[in-house]
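Here are my notes on the model, point by point. Please read them with the structure open.

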Amino acid sequence: MSQTISDAILDLTRKISQGEDHREALGGLLDQALPATEQQLQSFLEHAPHNPEFSDEMVEQFQDGLRNLKISFEVLQDLLDQDSSTAWASEADRLHRTMVSIRKAQTAHQDMVEDGDTSHLYLNRLLIHLRAWQEGRAPGPMTVALVQAMPHFQQDLQSFIDEFEDPAVQDRMNQHMERLMESCNAVVEAVTDGDATQGELAHWVSQIVQFSQDLDQTLAETVESHLAAGPTPFPVVNLVNAAMDRYLGQLIPAEDLADTMDQCEDWLRAQLPGDTDPSLQQAAEELFKILQDMRKTTLQGDVDQLLSERETLFAAAENLAMFAAVLSPDEEVVNLVSTEGLGAAGTSDTRPMPQLLAQILQQAESYLTGSQNSDSLEESVQALERLVSSTEGQMSRSRDSKEVKERTQQALEILSEASELLWEFVESANQERFKTIEELLAEASDVVHSLSPRRR
């Protein structure tokens with residue numbers, strides 16, 4: 001039963017209680033709503049108690065809500081031949097309370113699913129079913145129906161990945177998706193057979209969480225890198241610009257763009273320290289005022305004015321960035337090479353390989369000799385990819401010299417090549433690949449060391 005029909009019934013009921021004549025229209029809606037509500041109630045009573053997505057409290061709330069909804073519709077149908085405005089008003093109030101209670105139950109279920117280990121509602125639901133199975137609740141019809149939708153989930157995920165123009169980004173995301181779908185398809189097979197060990201269930205839960213988070217991390221880094229390379233030094237302001245482009249292309253409504261502007265201002269205000277220099281504070285307030293003006297212009301639908309204000313926004317962001325750069329102490333200025341990941345492991349004349357690269361090399365050697373599996377190596381390669389991605393995003397707003405930027409870009413290209421080869425090494429380890437990886441990491445290490453004097 002569609003909630004839209006419920007809303008329409010409530011609206012007509014209220015109008016009738018105020019003396020308007022909408023009985024014929026209401027009767028037509030009730031003829032649709034009553035059998036649909038009865039069918040939904042019977043289906044819920046049959047399946048919900050066996051669905052691990054619903055707690056006992058949720059089942060009771062939904063059950064009471066649907067029963068009360070059916071009763072309200074029946075009462076309204078009886079009232080169609082009566083003239084009592086008092087009765088109509090009373091039933092409108094009761095119907096409204098019933099709809100509120102159902103929506104509260106729906107919200108509770110949605111919140112539970114959204115508050116899972118992944119950003120994908122489908123996977124969060126699947127994990128709920130798997131954990132219930134771990135607790136001895138064998139998969140029933142609702143679990144079977146869920147896994148039957150797996151191809152649709154995979155298709156939607158692949159379509160999303162295909163939207164990215166950068167082949168390298170697609171390759172990385174596809175690698176994570178393939179690992180994720182391997183575990184998901186194993187779950188489908190187990191549910192179909194109705195057989196799985198506790199060890200298998202625990203493994204699938206762990207793998208689904210890990211691989212989906214890897215996929216999300218790649219997406220976050222891609223978005224961060226893309227926004228950092230935008231027209232202003234502030235990714236959050238670049239997000240407003242990206243949202244504006246989507247609005248102008250009629251991909252999002254004005255309200256979504258206005259919300260993005262609000263979020264931008266809130267985020268930037270939260271980043272300003274309490275003892276901000278007055279000049280910096282003034283530059284920030286000018287930017288905030290422009291965002292507020294743009295919000296009003298957006299909701300008014302004045303596209304020409306909005307385009308003009310966007311240029312003013314860019315100038316204000318550059319102005320704020322200039323004050324921030326001038327007033328920030330040297331140690332707070334962005335370093336292109338992370339001191340945690342690619343900072344030199346020591347300062348002796350031997351110039352040892354940076355910590356992360358040395359760790360990767362050691363793990364690759366251990367994996368080649370069979371003394372450990374690939375898990376720790378894969379985690380380190382992912383850390384390297386995150387470092388490369390975030391560094392690429394920072395370069396556009398760095399105040400380093402052209403020479404330093406070129407050297408940094410050289411290091412990033414070498415490390416990107418190394419990470420691609422490392423994934424091939426994980427799939428098929430051999431001495432030749434290991435030797436090439438060793439050479440690439442040594443070359444990257446030399447470039448990183450050439451950048452280190454500017455940080456001493």
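1. D166 is partly exposed, at a relative accessible area of 42%. Here buried means under 20% relative accessible area, exposed over 50%, and partly exposed in between (1.4 Å probe, protein chains only). D166 sits in the loop between helix 7 (150–162) and helix 8 (167–193). Helices are DSSP runs of H or I, at least four residues, numbered from the N terminus.

2. A word on the basis. This is a predicted model; local features need pLDDT of at least 70, side-chain atom pairs count only at pLDDT 80 or more, and totals for chains, interfaces and linings use all residues. Residues are numbered from 1 along each chain as its sequence is written, and side-chain values use heavy atoms, with hydrogens and water left out.

3. The largest nonpolar core has 29 residues. Those with the most contacts inside it are L126, L130, F153, L180, C184, V187 and I208. Helix 5 (121–134), helix 6 (141–148), helix 7, helix 8 and helix 9 (198–228) each supply at least two residues of this core. Helix 8 gives the largest share, nine residues. Such a core is a set of buried Ala, Val, Leu, Ile, Met, Phe, Trp, Tyr and Cys residues joined through side-chain atoms within 4.5 Å. In soluble globular proteins, nonpolar side chains tend to be buried together.

4. How many salt bridges are there? The count comes to 13, with a salt bridge defined as a side-chain nitrogen of Lys or Arg within 4 Å of a carboxyl oxygen of Asp or Glu. R103 forms one with D7, the closest N and O atoms being 2.8 Å apart. R103 lies in helix 4 (residues 85–114) and D7 in helix 1 (residues 3–17), so this pair ties together parts 96 residues apart in sequence. Both partners are partly exposed: R103 at 32%, D7 at 34%.

5. R125 pairs with E53 in a salt bridge, with closest N and O atoms 2.9 Å apart. R125 is in helix 5 and E53 in the loop between helix 2 (23–47) and helix 3, so the pair links parts 72 residues apart in sequence. Is E53 buried or exposed? E53 is buried, at 2% relative accessible area. R125 is partly exposed, at 28%.

6. R131 and D117 meet in a salt bridge at 2.7 Å, N to O. R131 lies in helix 5 and D117 in the loop between helix 4 and helix 5, so the parts tied together are 14 residues apart in sequence. R131 is partly exposed at 33% relative accessibility, and D117 is partly exposed at 33%. Elsewhere, salt bridges that share partners join E38, K70 and E74 into one network.

7. Last, D78. This residue is in helix 3 (residues 56–79) and is exposed, at 53% relative accessibility. D78 and G27 are 51 residues apart in sequence, and their C-alpha atoms are 10.0 Å apart in space.
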